[in-house]
Amino acid sequence: MAELITIERHILEQQRKFPGASGELTQLLSDVTFAAKLVRREVIRAGLVDILGSAGAQNVQGEEVKKLDQFANEKFIQAIGHHGRFAVMASEENEDIIIPPTEKSGKYVLLFDPLDGSSNIDANVSVGTIFSIYKRKSALGTTATVQDCLQKGVDQVAAGYVIYGSSVMMVYTTGQGVHGFTLDPTIGEFLLSHPNITIPKRGKIYSINEGYYRYFFDGIKKYIKYLQQEDKETNRPYSARYIGSLVADFHRNLLYGGIFIYPRTKKAPEGKLRLLYEANPLAFVCEQAGGRATDGYKRILDIVPEKLHQRTPLFIGSEEDVKIAEEFEQGLREVEHDRELIPSMLAEVSRAESTLLR
Ligand code: AHM
Ligand code: MG
């Protein structure tokens, strides 16, 4: 019979590999797990109580706030903010940083998107929580500032996500691979179900909101055309899959291989997704699983953030797929003509020639 490993035990064992580790990271991740369980409780009850729909307000991005969004945000702040481990927190739902009551003793920084994919909530489609943890930069005993939150993704000490889907899963990394846990609701524990997740080097799925095709720049349009062409060697055409819930789209591609793109567009020149709450944590997970994450030009984890709610284009997934997409984005690659079109093009040319010679 397979051994049952809870998430707490797994984190603890990972930490033991580092002599001198204080066990704090274990505590931090336990706090996140606890908050996720609270959110999950409400997500599955969502149809039964009056917490669906819009709260009638707009968030800092000018988007409508859903009630469950607000709930998830409050639960995270409540569950995590009082333990004295975090000096500062920042959420996609709050305009400013959140300074917890026990802030001065806190050594860490938590950045999170409490309920990503919220536009899908009312239709019972998977949503998720994304989190990212850093060490504080400011001195212990002082009040942390926004600068503690504006760190490069490469400095994350832990990151991951929780997906509230047909089952609830938590996937995390502390820089030693990517591990997935499934919640056993009967005992309320996350149990190791996906040790050492690795993403295939090349996939067969592409995920992009093709409804914005007319707003895409030429490189992305050509890349989509490339993916839709037939070519046995490279397994094309690819399948399109787009849920519109980043965590769910990313999670599927992580397990099956493929690419997710939210590009810059003519309408949104910086893309839509947030660097600190969405792109950085998923980029850390993706790289740890052997994948690649860039903004089409440079590595996500190397971007120096300038503001809390900074947006970035995101190309993330299987290494080879992301590299090819970058070549198209950068104008370094062109689509080859469809093979089946070549005979008809040649016939067209010879018809034109004979007309000219007449
Ligand atoms: P949110 O944080 O407001 O929920 O927005 C992020 C979501 C992602 O989950 C998803 O990938 C993207 O927005 C979908 O956007 P669009 O509807 O423009 O394709
Ligand atoms: Mg989000």
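Analyst: Quick ground rule: axes are lines fitted to C-alpha atoms, for helices over the stretch in contact, and angles run from 0 to 180 degrees between N-to-C directions. This is a predicted model, where local features need pLDDT of at least 70, side-chain atom pairs count only at pLDDT 80 or more, and totals for chains, interfaces and linings use all residues. Residues are numbered from 1 along each chain as written, chains are lettered from A and ligands numbered from 1 in order of writing, and side-chain values use heavy atoms, leaving out hydrogens and water.

User: How are α1 and α2 oriented as they pack?

Analyst: Helix α1 covers residues 7-16 (helices are DSSP runs of H or I with at least four residues, strands are E runs of at least two, numbered from the N terminus). Its axis sits 9 Å from that of α2, at an angle of about 160 degrees. Angles over 145 degrees count as roughly antiparallel, under 35 as roughly parallel, 65 to 115 as roughly perpendicular and the rest as oblique. That makes the α1/α2 pair roughly antiparallel.

User: Who's touching whom there, and how many polar residues does the contact of α1 with α2 have?

Analyst: With contact meaning heavy atoms within 4.5 Å, α1 brings I7, E8, I11, L12 and Q15, while α2 brings L25, T26, L29, S30 and T33. For the classes, Ala, Val, Leu, Ile, Met, Phe, Trp, Tyr, Cys and Pro are nonpolar, Asp, Glu, Lys and Arg are charged, and the others, Gly among them, are polar. Besides five nonpolar residues and one charged, the polar count is four.

User: And α2 against α3, how many residues of that contact are nonpolar?

Analyst: Helix α2 (24-45) and helix α3 (67-81) have axes that come within 9 Å and cross at roughly 150 degrees, and the two are therefore roughly antiparallel. On the α2 side the contact includes F34, L38 and V39, and on the α3 side it includes F71, A72 and F76. No polar residues and three charged ones take part, and the nonpolar count is 13.

User: Are α5 and α6 roughly parallel or antiparallel?

Analyst: Helix α5 spans 246-256 and helix α6 spans 275-288, with axes 12 Å apart at about 15 degrees. The contact is L246, F250 and L254 with E278, L282, V285 and C286, which divide into six nonpolar, no polar and one charged. Given that angle, α5 and α6 are roughly parallel.

User: Which residue other than glycine has a positive phi?

Analyst: Look in the loop between β4 (108-116) and β5 (127-135). A phi near 65 degrees turns up there at N124.
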